[in-house]
Amino acid sequence: MQIAVSGGKGGTGKSTVAVNLAVALAGSFKLVLADLDVEAPNDHLLLGVEPTNERPVNQFMPHFDYSKCTRCRKCAEVCEEHAIVTLRDGTPFLMPNLCSGCRACEIVCPVPGAIREAFKVIGHTYVTETPYGFNLVAGKLKEGEERSMPLVVEAKKLARSVPHELLLVDTAAGTGNTVSKAIEGSELLIAVTEPTPLGIHDTELILRLGRLMEMPTWVVINRADLGDRERVYELAEKYGAEVVAEIPYSENIVRSYVGGEPVVLWDVPEARAFRGLAGKVVDFLGGGE
């Protein structure tokens, strides 16, 4: 089983919800938490752990063998990213930062061996055992790299390979292709929002995505006392979603964030809100152990 925690706007608290939900659910399921916000992974900070078991993630890059290349220009013509440029005589050159690793150039090349396989490291994955009874799988994009999709795919594949009953996915902000790829395959989407103008705007985007993917969608309103939460309820009703939790602005959550200790473990009202959300998830999924 898989559920996803997402939210259109950055900074709404989706990682806070994902981490506290994971800690609360660990007693009901054999759980893996996947931090697929590969450009800015931070679940390990909220859990107070250091990432371990680092593995490089490679991306294909073409390497031209000019002794075999016929200068036909087909590789440049087929490259949708315009990563391959040619001189007047047709000699190809690669601009590595533009290459997406799609292999179209290798496929179209008419001369066997004229394009050889080469690779570059675009990031790393991590599998970290937490003190809360579950593993955290994360991906981190290498500084300066622009292509995050291959790393999201690899990190999600790794998370699925770790034994689990429930995979809880924490996505990046926005509604781009990396977010939809992270959400793909989920039985439930939990959209975390805040009732600010930007938060409400991006809530509608993530609700549209949930409807497009034909996925049951819940809404969690974070910092619910700081804006127009009624507007969030209206949007949820419009898109057939359900508001399942309201979390007020809280200094306890801020302190837990800074201290790297999930607030769900504390005896405070905010913890009860997260435990209540976990209970709803257990009921939705049909129980656990």
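Colleague: How many strands form the open sheet, and in which order?

Modeller: This is a predicted model, in which local features need pLDDT of at least 70, side-chain atom pairs count only at pLDDT 80 or more, and totals for chains, interfaces and linings use all residues. Residues are numbered from 1 along each chain as its sequence is written, and side-chain values use heavy atoms, without hydrogens and water. Strands (E, at least two residues) and helices (H or I, at least four) are DSSP runs numbered from the N terminus; two strands pair if DSSP finds at least two bridges between them. Here nine strands form the sheet, in the order E3-E6-E7-E2-E8-E1-E9-E10-E11, with mixed pairing.

Colleague: Why is one side of E3 and of E11 left without a neighbour in the sheet?

Modeller: Strand E3 (55-64) and strand E11 (242-247) stand at the edges and have a single partner strand each, so one side of each lacks a neighbour. E11 pairs with E10 (residues 217-222) in the parallel sense over five bridges; Asn-222 has Ile-247 in E11 as its bridge partner.

Colleague: Which residues lie nearest the centre of the largest pocket?

Modeller: On a 1 Å grid over the protein atoms alone, a pocket is an open set of points where a 1.4 Å probe fits, with protein on both sides within 12 Å along at least five of seven lines; lining residues have an atom within 4 Å of a point. In this model, 19 residues line the largest pocket, and Gly-11, Gly-13, Thr-16, Arg-223 and Tyr-257 lie nearest its centre. Helix H1 (14-25) and helix H9 (251-259) are the elements giving two or more residues to this lining.
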